[in-house]
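Subject: Structure for your review

Dear colleague,

Please find the structure below, together with its sequence. My notes on it follow.

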Amino acid sequence: MNQYMSTAINPEHTISQVKRLVESDKRSEIRLNANGGNSILLVCPPNLEYQFILKLNELMGAEYSIIDLNELLISFVETNKSDLADMFDLLKGSVHQIFKSPEGETGPDLFSIILSKIEKSYNEDKIPVMIHSGALYGSGIDNIHLMESELVMKSKKPLIILYPATQDGDQLMFLNSRPASKYRCMIVN
């Protein structure tokens, strides 16, 4: 049994650990541990994600902004439903471009919507906390794209991502199936 599957996992303790780090005078520790990045991956076992989300909603005060990626994905699909079938036909080999436009292109994509929510949090002087990151699976949007965005990298406040993953040796496995990048983020589990 690995450390992520232990029955001793306590969402409240882990979230409190992240809050202490973010609210302390030691925010530079985040950048040091994140290779210059400004993000925290709050790792939880996929089977405990719901309990972590409940605790996040309970414990995160007014200085935090919860960003639900499920809600953003559903809103994106509903807003663009008349165009989605055509986009899927047009982009058969590059379906991920529906959700994240190629470098240099702009459009009403999911990636820009997520970045605008993060920016709104920063503009309100709040720390963005993303939940339901599994909604990004298969979209072509990886956490590293968000963590390395200029918006996040230059902010005075970090981005926190609830990250459902398991440990396979030294490798963190997103949703127990895909290797995760540990670059540009501090891992808390």
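How many bridges join strand 3 to strand 4? There are 2 bridges between strand 3 and strand 4 (residues 159–168), and the two strands run parallel. Helices (H or I, at least four residues) and strands (E, at least two) are DSSP runs, numbered from the N terminus, and two strands pair if DSSP finds at least two bridges between them.

Before the details, a note on the source. This is a predicted model, in which local features need pLDDT of at least 70 and side-chain atom pairs count only at pLDDT 80 or more, while totals for chains, interfaces and linings use all residues. Residues are numbered from 1 along each chain as its sequence is written, and side-chain values use heavy atoms, with hydrogens and water left out.

Overall composition

The secondary structure of the protein comes to 8 helices and 7 strands. Of the 189 residues in the protein, 43% are buried; buried means under 20% relative accessible area, exposed over 50%, and partly exposed in between (1.4 Å probe, protein chains only). The protein exposes about 10000 Å², of which carbon and sulfur atoms supply 49%; these areas come from the Shrake-Rupley method with a 1.4 Å probe, and for residues only the protein chains shown count as cover. Among contacts (heavy atoms within 4.5 Å) between residues at least 6 apart in sequence, 74% join residues at least 24 apart.

Strand 3 (residues 127–131) has 5 of its 5 residues buried, so it is largely enclosed by the rest of the structure. I127, V129 and I131 point one way from the strand, whereas P128 and M130 point the other way. In its pairing with strand 4, V129 has I160 as its bridge partner. Strand 3 also pairs with strand 2 (residues 64–68) in the parallel sense, over 5 bridges, and there D68 has I131 as its bridge partner.

Strand 1 (39–44) is likewise largely enclosed by the rest of the structure, because 6 of its 6 residues are buried. S39, L41 and V43 point one way from strand 1, and I40, L42 and C44 the other way. Strand 1 pairs with strand 4 in the parallel sense over 6 bridges, with L42 standing opposite L162. Strand 1 also pairs with strand 7 (residues 185–188), again in the parallel sense, over 4 bridges; here S39 stands opposite C185.

In helix 3 (residues 49–59), the residues E49, F52, I53, L56 and L59 are buried. Seen down the axis of helix 3, these buried residues fall within an arc of 145 degrees, so they line one face of the helix; the arc is that of the directions from the helix axis to the C-beta atoms. An α-helix has 3.6 residues a turn, so residues three or four places apart point the same way. Y50 and E58 are exposed on the other side of helix 3. The buried residues of helix 3 pack against helix 1 (11–23), strand 1, strand 2, strand 3 and strand 4.

Helix 1 has 13 residues and reaches 18 Å from its first C-alpha to its last, close to the expected 18 Å, where the expected span is 1.5 Å times one less than the number of residues. In helix 1, P11, T14, I15, V18, K19, L21 and V22 are buried. These residues cover an arc of only 165 degrees around the axis, which puts them on the same side of helix 1. At the start of helix 1, a side-chain oxygen of N10 reaches to within 3.0 Å of the backbone nitrogen of E12.

Two buried loop residues

N38 is found in the loop between helix 2 (28–33) and strand 1, and counts as buried at 3% relative accessibility. The side chain of N38 reaches the backbone oxygen of V152 at 3.0 Å, and a polar atom of that side chain lies 2.9 Å from the backbone oxygen of K157. Not counting residues up to four places away in sequence, N38 touches several residues, including I30, R31, P158 and R184.

S133 lies in the loop between strand 3 and helix 7 (143–147). At 1% relative accessibility, S133 counts as buried. The C-alpha atoms of S133 and L69 are separated by 6.1 Å, although these residues are 64 apart along the chain. With residues up to four places away in sequence left out, S133 touches E49, L69, I161, L162, Y163, P164 and F174.

Yours sincerely

Note on methods
A polar contact is a pair of N or O atoms within 3.5 Å; within protein, one must be able to donate a hydrogen and the other to accept it, and residues adjacent in sequence count only if both atoms are side-chain atoms.
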